[in-house]
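The sequence and the model are shown first.

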Amino acid sequence: MGATSASAAQWLFPVSALVDHTPSRTTSSISIEKELYDRARGVEFLFRLGVSLILPVSSLYTAATWFHRFYMRYSLEDYHRQDVAAACIFLATKTEECGRKLRDVARVYCSKVWGRNPDEIADDSQELQESQTIILLTEEVLLEALCFDFVVRSPHTDLIDLLEARPQTPEFEEYAFSIANDSYRTPLCVLYPPRITAVACYVLAQQYTEGANSPTLSARLASPAPSASLPTPPSNKSPYPESTRFAVEFYNFNETELVAVADALTILLEFYAAQDLNALEYLSSIASVSPPETSFSRQKLYQPFSQLAQASQKPVESGPDGEPAPTAQAQFKSSKEPTEGSASKSSGWIPITSDPGPDIPEKPKWQI
């Protein structure tokens with residue numbers, strides 16, 4: 001993890017800080033499970049704002065990272081996730097040079113919070129004026145929380161390096177990038193450097209595409225073999241193909257970094273397992289992947305989202321597009337029916353296209 005710059009390192013926290021010491025815990029007594037659920041909901045809302053504003057995906061990754069950084073310094077009880085998401089999007093349109101007018105951001109914000117057609121919201125309407133004020137006031141707090149440090153590096157850059165070094169099938173690339181997109185629905189961006197997350201996404205996509213009979217995640221992250229300069233008895237040679245450990249060997253990860261990758265994988269798998277697998281059957285296969293074995297133990301971060309949703313039921317605070325339950329963007333599908341473009345394969349990836357309700361845009365395909 002030595003490649004992380006000093007500026008970026010200040011935004012990386014130990015898992016214990018997330019579990020016990022965020023403001024949502026210390027000042028508001030919000031459980032870690034509820035906080036992670038609301039963070040995922042907030043990022044879902046942020047992504048939908050960005051897609052409706054036709055922003056480049058890089059700006060959405062930046063905004064989502066700021067969103068998680070913000071809640072390492074402020075409580076969810078004090079600043080509503082939708083307001084913070086809108087402020088992150090508005091700031092990203094300026095720093096990422098994809099400018100949008102405040103009025104346009106506020107109009108989309110209104111349409112999603114109140115479930116209205118954006119074209120029906122007049123420029124002089126009270127709700128639009130109030131939304132603009134909320135976004136501006138929240139942006140001021142966001143700037144303070146970020147210490148005006150806007151630089152963000154996404155794991156997608158390292159994923160591209162891995163895929164260029166060892167080209168993979170289009171199906172594999174879809175899995176890897178989809179998992180990387182889903183990583184922003186978790187707090188990985190404030191726990192580990194982008195390279196750690198990238199390798200975790202690559203390894204999980206590799207394990208999934210190769211099937212249940214392929215090497216386990218633990219095998220893929222096993223400690224490096226003895227130096228190639230030393231004679232290696234045949235009985236000690238790895239029984240797995242060279243490609244199995246390609247990602248970790250490409251970056252020459254040490255023991256500490258391998259532990260970090262293992263924990264990142266565990267968090268991703270916990271996130272997938274927390275989804276409503278009865279409603280989202282396509283996630284069952286990825287959620288059933290066994291996490292890597294580690295030498296440490298910690299509490300499970302996620303509870304089933306369906307339980308948290310029931311526990312927090314209250315008067316509806318948003319319209320039909322306001323905030324659906326956070327769901328993984330990658331659709332992992334196990335079926336005998338081939339997917340388009342892969343007629344000979346028994347499994348494949350397709351973006352979620354089920355109708356989520358009136359006026360709700362389809363989830364992005366996140367084409368890089």
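Is Y61 buried or exposed? In this predicted model, Y61 has a relative accessible area of 4% and is therefore buried, since buried means under 20%. Y184 is buried as well, with a relative accessible area of 2%.

**Aromatic pairs**

The structure holds 20 aromatic pairs. Two stacked pairs, Y61 with Y184 and Y251 with F253, are set out below.

| Stacked pair | Centre to centre | Angle between planes |
|---|---|---|
| Y61 and Y184 | 5.2 Å | 5° |
| Y251 and F253 | 5.9 Å | 20° |

Y61 belongs to helix α5 (residues 57-70), whereas Y184 sits in the loop between α10 (170-182) and α11 (194-210), so their pairing ties together parts that are 123 residues apart in sequence. In the other tabulated pair, both Y251 and F253 are buried.

Y251 and F253 also belong to a cluster, linked by ring pairs, that includes F172, Y202, F246 and F250. One ring of this cluster, F246, has R166 over its face, at 4.8 Å from the ring centre.

**Packing of α9 and α10**

Two packed helices are described by the angle between their axes and the distance between the axes. For helix α9 (residues 155-165) and α10, the angle is about 160° and the axes are 10 Å apart. Because an angle over 145 degrees counts as roughly antiparallel, α9 and α10 are roughly antiparallel to each other. The crossing of α9 past α10 is right-handed. On the α9 side, H156, L159, I160 and L163 make the contact, and α10 contributes F172, E173, A176, F177, A180 and N181. Among these, F172 is also a member of the aromatic cluster.

Conventions
Residues are numbered from 1 along each chain as its sequence is written. This is a predicted model: local features need pLDDT of at least 70, side-chain atom pairs count only at pLDDT 80 or more; totals for chains, interfaces and linings use all residues. Side-chain values use heavy atoms; hydrogens and water are left out. Rings of Phe, Tyr and Trp (its six-membered ring) pair if their centres lie within 6.5 Å; planes under 30 degrees apart count as stacked, over 60 as edge-to-face and the rest as tilted. Helices (H or I, at least four residues) and strands (E, at least two) are DSSP runs, numbered from the N terminus. Buried means under 20% relative accessible area, exposed over 50%, partly exposed in between (1.4 Å probe, protein chains only). A charge sits over a ring if NZ of Lys or CZ of Arg is within 6 Å of the ring centre and within 35 degrees of the ring normal. Axes are lines fitted to C-alpha atoms, for helices over the stretch in contact, and angles run from 0 to 180 degrees between N-to-C directions. Angles under 35 degrees count as roughly parallel, over 145 as roughly antiparallel, 65 to 115 as roughly perpendicular and the rest as oblique. A crossing is left-handed if the near helix is turned anticlockwise from the far one by less than a right angle, and right-handed if clockwise. Contact means heavy atoms within 4.5 Å.
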